[in-house]
Amino acid sequence: MRNKKHILDLVKERVVILDGAMGSLLINQGLQIGIPPESWNVTNPEKVQKIHLNYYNAGSDVVLTNTFGGSRLKLSAHNHGERVEEYNIKAVEIAREICPEEGYVAGDVGPSGKFLPPVGKVTLDDFEETFLEQTRTLANAEVDFFFIETMVDLKEAESAVKAAKRTSNLPIFVSITYKKTKRGYFTIMGNSVDQCVNTLRKAGADVIGANCTLSSNEMIDLIPQIRQFTDLPIVAKPNAGKPQLIEGKTVYLTSSKDFAEDIFQMVEKEADIVGGCCGTNPQFIEKIVQRVKR
Amino acid sequence: MDLDTKSKEAILNGNISLAEEIARKAILENYDINALIDTLSEAIREAGDLFEEGEFFLPELMRSAEAMKAAMGILTPALSPEKDSRFIAKVIIGTIEGDIHDIGKTLVASMLSAEGFEVYDLGADVPVATFIDKAVEVDAHLICVSALLTTTMVGQKKLIDTLKERNIREKFKVLLGGAPVSKGWVEEIGADGTADNAISAVKLAKKLMML
């Protein structure tokens, strides 16, 4: 076992830097639409690995495995449901191979893409089953901790946290996707910040926060609202603005410099772990590191 | 409580059994069914406004749409063809191939069917050919195509191009959905429109069908 700090101890000492987007960078490398990004862990491992390496080199303390859509429910939508173990194990190997001595590999767990009634038809048992399988596989492949993210339904997030808790003793980071309404921040299911924080804390989360949908400037005010309900470390991973299709190319309008400035403001408001979501890349991480360390 | 208030309440509370009860009562007691449908439509629009305001969220809106759909399921067959002829537009809806985002499309499908459209929801990850074949098969009026990724939006263009190639572009109105879709994109590929949310989408669909 390497002699490195427990991630939660590092969080107590200084701001921890995550990575940025993965999927869009894979698309730039030629990932075709309709193909689950996780399949590249097997078919194009060197490309996935290069992205991880670029993030570590840019200053990320942590990279997230390429397993965002690696649950059985999600992979089944692409008819890859039988390859959960293969994709998740390979994902951890790829990241671990190039992880620096002081770096961390987090097992990424995204939403199933399915919904409970009245929006969809799946049950809480379906969630539990799919997340138990994925978190068990990631734990066996020896990730350093779990990163459950982009959850728009608190019940699904809670189910994932509980599954991760049953699987192992590894730390659990959980990040919710909020939208900004006239009445404040809510998930699209109507879960408030208060409900999310309290439910997830009780379920056993070690770190709580937000990612996706909100651009970096929109997420700043959310941080104190989360802080109001918990002393747990807070993670913040916003988008680089909203995507625009300009002359056939996807463009995110927030610059890496503005993004890093917003992140710095979140750190000032007590965000402990920061990174980027959609539209970000290693350059954004570099800028964050420069700004936060300044 | 009068029927108008009661039916509005049934929709806004997402009370399916109350909505059905009202619909049955209206038929039994010879109410003006068209007027009742208009009242229900008003209520579902209000649900949409509440969603925009951040008072309603996805589950509430879906429940309202389900209640509306339940009432319409009883009311529509009771409309007499001579007297109340209400034009029922047929809609093909789905998320384009390569894209498995389902929520927005499902919401629009529910709202359309709540408003009396005959909706064929093809689901997510739907190939262009499937959209077109189904539209031809059922003699649809509208095709609604959702794309949530800038990478899958090209599928919307492919659909329009394929309709043109097959010389059937003019047979259908084509609406585009999805967060990254802009008015500029609609113009660029020659679609008939887009809307910012499910309620505006229904309004636009009705406008295009001259309803």
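Visitor: Let's start with a single residue. Where is His101(B) found in chain B?

Guide: This is a predicted model, and in it His101(B) sits in the loop between β1 and α5 of chain B.

Visitor: Is His101(B) buried or exposed?

Guide: The way to read that is to count neighbours: 20 or more other C-beta atoms within 10 Å makes a residue buried. His101(B) has 20 other C-beta atoms within 10 Å, so it counts as buried.

Visitor: Which residues does His101(B) touch?

Guide: Leaving out residues up to four places away in sequence, His101(B) touches Thr95(B), Ala124(B) and Leu148(B). As for separation, His101(B) and Lys90(B) are 11 residues apart in sequence, and their C-alpha atoms are 23 Å apart in space.

Visitor: How many of the residues of α5(B) are buried?

Guide: 11 of its 12 residues are, which leaves α5(B) mostly covered. Among the buried ones are Ile103(B), Lys105(B), Leu107(B) and Met111(B).

Visitor: On to sheets. What is the strand order in chain B?

Guide: First the general idea: strands of a sheet pair through backbone hydrogen bonds, either parallel or antiparallel. In chain B, 5 strands form an open sheet with parallel pairing, in the order β2-β1-β3-β4-β5. The edge strands of chain B are β2 (118-121) and β5 (193-194), each pairing on one side only.

Visitor: How many bridges join β3 and β4 of chain B?

Guide: There are 5 bridges between strand β3 (residues 142-146) and strand β4 (residues 173-177) of chain B, and the two run parallel. If you want a pair to click on, Cys144(B) stands opposite Leu175(B) in β4(B).

Visitor: Which helices lie across that sheet?

Guide: One is α6 (residues 128-138) of chain B, lying across β1 (90-95), β2 and β3 of chain B and running at about 165 degrees to β1(B). Another is α9 (residues 198-208) of chain B, which lies across β3, β4 and β5 of chain B at about 170 degrees to β4(B).

Visitor: And chain A, what strand order does its sheet have?

Guide: Here 8 strands of chain A form an open sheet, again described with parallel pairing, in the order β1-β12-β9-β8-β5-β4-β3-β2. At the edges of the chain A sheet are β1 (16-17) and β2, each pairing on one side only. Helix α8 (residues 154-167) of chain A packs on the sheet, touching β3, β4 and β5 (172-176) of chain A, and its direction makes about 170 degrees with that of β4(A).

Visitor: Why is β3 of chain A largely enclosed by the rest of the structure?

Guide: 6 of the 6 residues of β3(A), residues 104-109, are buried, so the strand is largely enclosed. For the two faces, the general rule is that side chains in a regular strand alternate between the two faces of the sheet. In β3(A), Tyr104(A), Ala106(A) and Asp108(A) point one way, while Val105(A), Gly107(A) and Val109(A) point the other way, and all are buried.

Visitor: Which strands pair with β3(A)?

Guide: Strand β2 (residues 62-64) of chain A is joined to β3(A) by 3 bridges, running parallel, and Val62(A) stands opposite Tyr104(A). Strand β4 (residues 145-151) of chain A pairs with β3(A) in the parallel sense over 4 bridges, with Phe145(A) as the bridge partner of Ala106(A). With helix α7 (residues 124-140) of chain A, β3(A) and β4(A) make a right-handed β-α-β unit.

Visitor: Last one: how many residues of chain B are in contact with chain A?

Guide: 19 residues of chain B are in contact with 17 residues of chain A. Helix α4 (residues 58-78) of chain B gives the largest share of the chain B side, 5 residues. By type, that side divides into 9 nonpolar, 5 polar and 5 charged residues. For a contact between the chains, take Thr181(A), which touches Gly54(B) and is partly exposed, with 16 other C-beta atoms within 10 Å.

Notes. Residues numbered from 1 in each chain as written. Chains lettered and ligands numbered in written order. Predicted model: local features only at pLDDT ≥ 70, side-chain atom pairs only at ≥ 80, totals over all residues. Pairing = 2+ DSSP bridges. Contact = placed C-beta atoms within 7 Å. Axes fitted to C-alpha atoms, helices over the stretch in contact; angles between N-to-C directions. Nonpolar A, V, L, I, M, F, W, Y, C, P; charged D, E, K, R; others polar. Right-handed = clockwise from strand over helix to strand, strands pointing away.
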